[in-house]
Amino acid sequence: MEDDGTSMHLPAFDTLINLPVNSIFPYAPSYGKKELRDIWKKFQISRNPSLKDALFSLPIATNGVTHGISMAGYMFADPGDTVVLSDLYWENYSLILENGYGAIIRPFELFHNGGSTWNPFHGHFLQ
């Protein structure tokens, strides 16, 4: 934070982005900005009117794919659970899911024949 309470950032960006500095530069809360989550929930109800009277929480707005994987692991993965992923995944998924939550990653081959053919998953894991 700057002395005046605004987010520290490079002033050169001020001319490129027409939004309030404190709306774009600080990190969002772990579950996302409440304003976005409120709008998203209203959108869900508008697309699914049957949810109008249903009781459900605000959606989670993650900060990216890795954060989404971590949140899914936090909510659903227990030690020893198997998580099925294609063999093309970022190494940090192992760090998050295996080291962080104790799950076991079972990869399957996404493409075969040197990457020329898509290989739909039929329960065949890589060894």
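Me: What makes the radius of gyration of this chain stand apart from that of a compact globule?
Reply: The chain has a radius of gyration of 20 Å. A compact globule of 127 residues would have one near 14 Å. The rule behind that figure is 2.2 Å times the number of residues to the power 0.38. This is a predicted model, and its C-alpha atoms fill a box of roughly 55 × 45 × 35 Å along the principal axes.

Me: How do you know how many helices and strands there are, and in what order do they run?
Reply: A helix needs at least four residues and a strand at least two. By that count the chain has four helices and four strands. From the N terminus the order is α-α-α-β-α-β-β-β.

Me: What share of the residues counts as buried?
Reply: The share is 17% of the 127 residues. The cut-off for buried is under 20% relative accessible area. The accessible surface comes to about 9,600 Å², and 60% of it belongs to carbon and sulfur atoms.

Me: Which residues make up the largest nonpolar core, and what makes them a core?
Reply: The set is Leu 85, Tyr 93, Ile 96, Leu 97 and Ile 105. Helix H4, residues 91-100, gives the largest share of this core, with three residues. Core members must be buried, of a nonpolar type, and joined through side-chain atoms within 4.5 Å. In soluble globular proteins, nonpolar side chains tend to be buried together.

Me: Which residues of H4 are buried, and what do they pack against?
Reply: Tyr 93, Ser 94, Ile 96 and Leu 97 are buried in H4. The buried residues of H4 pack against helix H3 (65-76), strand E1 (82-86) and strand E2 (104-108). An α-helix has 3.6 residues a turn, so residues three or four places apart point the same way.

Me: What does Tyr 93 touch, leaving out residues up to four places away in sequence?
Reply: Tyr 93 touches Val 65, Thr 66, Ile 69, Leu 85, Glu 98 and Ile 105. A contact here requires heavy atoms within 4.5 Å.

Me: Why is Tyr 89 called partly exposed?
Reply: Its relative accessible area is 25%. Buried needs under 20% and exposed needs over 50%, so Tyr 89 is placed in between. Tyr 89 lies in the loop between E1 and H4. Beyond four places in sequence, Tyr 89 touches Ser 94, Ile 105 and Pro 107.

Me: Is Gly 102 buried, partly exposed or exposed, and why?
Reply: Gly 102 is partly exposed, because its relative accessible area is 27%. That value falls between the 20% and 50% cut-offs. Gly 102 sits in the loop between H4 and E2. Just after H4, Gly 102 takes a positive phi of about 75°.

Me: Which residues does Gly 102 touch beyond four places in sequence?
Reply: They are Asp 78, Pro 79, Gly 80 and Leu 97. Gly 102 and Asp 81 are 21 residues apart in sequence and 7.6 Å apart in space, C-alpha to C-alpha.

Me: Why is Asn 113 called exposed?
Reply: Its relative accessible area is 58%. The cut-off is over 50%, so Asn 113 counts as exposed. Asn 113 is in the loop between strand E3 (111-112) and strand E4 (117-118). From Asn 113 to Leu 85 it is 19 Å, C-alpha to C-alpha, and 28 residues in sequence.

Notes
Residues numbered from 1 in each chain as written. Predicted model: local features only at pLDDT ≥ 70, side-chain atom pairs only at ≥ 80, totals over all residues. Heavy atoms only, no water. Buried < 20%, exposed > 50% of the residue type's maximum accessible area, 1.4 Å probe, protein only. Areas by Shrake-Rupley, 256 points an atom, 1.4 Å probe, with all protein chains shown as cover.
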